[in-house]
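Please read the following note alongside the sequence and the three-dimensional view. It is written as a set of numbered points for discussion.

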Amino acid sequence: MKTVLIAIAVVVVGGAAWWFLAKETASAPTVARAPEVSWQYADKGGDETGTPQTEVSVTISGKTSLVGTYQGRCASVSTLADGEVSGTLCWWAGGGKELGVFNENGKWVVKEGDQDEGSGDEPGFRGNFKTLFEIK
């Protein structure tokens, strides 16, 4: 009889542990793995004022998308914004556009934001990110 009671206790404790762990795993948020990202730049010459123009494309997990044509020259950013996994900055004459791949509510999106170096009277600025498109 004692062996039967021990077996029942083991089954009850084991079942409770399994239920608790299954519940915790089911409620845990899923974190999307960052995609592989690379940026491509094509020199488009200068506009009527001589400002250089660069066409920017992004390849995300093997799929390439045209992002747009931007003033200035573009290069990867080393300090990423919150939620950004990869970024590039197109810069000319003290300001530019930052393009980035962001995780937004579990979805990967390409956003465009503003950057300005500021002046002696005003600090620099980085922000105003707006979604351009979602990565499917």
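The points below go from the whole chain to one residue and its surroundings, and then to strand pairing.

1. The model under review is predicted. The protein chain contains one helix and eight strands, and along the sequence these follow the pattern α-β-β-β-β-β-β-β-β.

2. Of the 136 residues in the protein chain, 31% count as buried. The chain exposes about 9,100 Å², and carbon and sulfur atoms supply 57% of that area. Among contacts between residues at least 6 apart in sequence, 31% join residues at least 24 apart.

3. Is Trp39 buried or exposed? Its relative accessibility is 12%, and Trp39 therefore counts as buried, since the cut-off for a buried residue is under 20%.

4. Which residues does Trp39 touch, apart from those up to four places away in sequence? Its contacts are Val56, Ser57, Val58, Val67, Ser86, Gly87, Thr88, Leu99, Gly100 and Val101. With another partner, Ser86, Trp39 forms a side-chain polar contact of 2.9 Å.

5. Trp39 also belongs to the largest nonpolar core, a group of 13 residues. The members with the most contacts inside this core are Trp39, Val56, Val58, Val67, Leu99, Val101 and Val110. At least two core residues come from each of strands E2 (52-60), E3 (63-71), E6 (95-104) and E7 (107-116). Strand E2 gives the largest share, three residues. As general background, nonpolar side chains in soluble globular proteins tend to be buried together.

6. The pairing of strand E5 (residues 84-92) deserves a separate look. Strand E4 (residues 73-76) pairs with E5 in the antiparallel sense over four bridges. Within this arrangement, Ala75 stands opposite Leu89 of E5.

7. How many bridges join E5 to E6? There are eight, and the two strands run antiparallel. Glu84 has Phe102 in E6 as its bridge partner. E5 and E6 form a hairpin with two residues between them, and Ala93 in the turn has a positive phi of about 55°.

Definitions and conventions
Residues are numbered from 1 along each chain as its sequence is written. This is a predicted model: local features need pLDDT of at least 70, side-chain atom pairs count only at pLDDT 80 or more; totals for chains, interfaces and linings use all residues. Side-chain values use heavy atoms; hydrogens and water are left out. Buried means under 20% relative accessible area, exposed over 50%, partly exposed in between (1.4 Å probe, protein chains only). A polar contact is a pair of N or O atoms within 3.5 Å; within protein, one must be able to donate a hydrogen and the other to accept it, and residues adjacent in sequence count only if both atoms are side-chain atoms. A nonpolar core is a set of buried Ala, Val, Leu, Ile, Met, Phe, Trp, Tyr and Cys residues joined through side-chain atoms within 4.5 Å. Contact means heavy atoms within 4.5 Å. Two strands pair if DSSP finds at least two bridges between them. Accessible areas come from the Shrake-Rupley method with a 1.4 Å probe; for residues, only the protein chains shown count as cover.
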